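Trainee: I would like to learn how to read a protein model step by step. Could we begin with burial and then go on to rings and strands?

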Amino acid sequence: MRLARIETSDGPVAGEYEDGYVHADETYEVGVDGELLPPCDPSALYCVGRNYAETLDQMDYERPEEPDFFIKPPASLLGHEEPISYPEFTNELTYAGELAAVIDEPCHDLSEDEVPEVVRGYTIMNDVDALDQQGRTARKAFDGSGPLGPWIETDVDPTGIDMWTDVNDERRQDANTELMLFDPYEVVSFLSKRFTFRPGDVIAFGSPANPGLIEPGDTVEITYENVGTLRNSVVSAEE
C-alpha cells in the first residue's frame, strides 16, 4: 500500500495513493485537487551519513564504528515535485538519494527484531547538501534541504533493493541497499536508544557516492525499487 498526503482547499488530507489519486473520505486527483505534500509530518529527520563504502572512498572518510548521524528540522521538508531553491549562501550544492523509514508509533530503545513492528513504511529523501559551508548543520539543515516522498510504501523489504539517481536524465547513482555498512534495522535500533521517536519521524539511511553538483534548471530523480521515484527541480533563489 502507498500512503500519501495531499494539499487540498480544505487543508492537508492523508490517504491511500493509487494511479494519481489519493483515496480518503473523498477521492482527490493529484495535480487537479491539490499537490502531494511530504508523506508524513515528522518532529525531526534523523539522517545517517557515511553508510556506504564508496561514499567513504569518495569523501576520504574513515569507516565509522557505529552509525554516524545528524538531524534535519521539519523546516527542511519539501514535497515531491516541489522546487529546490538554490540558496544564496552556497556555490556548491549537491544531492544524495536516500531510503528513509517513517515511524508509526511512539517508541524507544528498540531491538533490531522490533523495528519492523514500529515502521509505517519507507519513502525517499534527497539529502541536499551545501558542501562549501562550515559544519554539518550549516551544510545540511537549511530550509528545503530535505525533499521527501512521493509517498510511503508499506510493503517493501528495505535490505536488498536497487536504487538509482538521474540528474537531467544522466545516471549519477546506481547501487543496492545491501551495500549499506549498517542496515536499516541496525540504524533504527541504534538511534532509538538515544531518542524517543514520535509518529511520522523519519530515519534516512545514507547515500551511495554522489558525483557532481546541481544547478538551477537541473531536475533530480531518485528511484528506489518497489518504493517509487522522488522528483524535484532546482530553481534560483530569485524564483
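Mentor: A residue is called buried if its relative accessible area is under 20%, exposed if it is over 50%, and partly exposed in between, using a 1.4 Å probe and protein chains only. Phe142, with a relative accessible area of 11%, is therefore buried, whereas Phe89, at 43% relative accessibility, counts as partly exposed. Please keep in mind that this is a predicted model, in which local features need pLDDT of at least 70 and side-chain atom pairs count only at pLDDT 80 or more, while totals for chains, interfaces and linings use all residues. Residues are numbered from 1 along each chain as its sequence is written, and side-chain values use heavy atoms, with hydrogens and water left out.

Trainee: How many aromatic pairs are there?

Mentor: A pair of aromatic rings is described by the distance of the centres and the angle of the planes. Rings of Phe, Tyr and Trp (its six-membered ring) pair if their centres lie within 6.5 Å, and planes under 30 degrees apart count as stacked, over 60 as edge-to-face and the rest as tilted. By this rule the count comes to 6 aromatic pairs. One of them joins Tyr46 and Phe197, with 5.3 Å from centre to centre and 65° between the planes, which makes the pair edge-to-face. This pair links distant parts of the chain, 151 residues apart, with Tyr46 in strand 6 (residues 45-49) and Phe197 in the loop between helix 4 (184-192) and strand 17 (202-204); helices (H or I, at least four residues) and strands (E, at least two) are DSSP runs, numbered from the N terminus.

Trainee: Is Tyr46 buried or exposed?

Mentor: Tyr46 counts as buried, at 6% relative accessibility, and Phe197 is buried too, with a relative accessible area of 0%. Ring pairs link Tyr46, Phe69, Phe190, Phe195 and Phe197 into a cluster.
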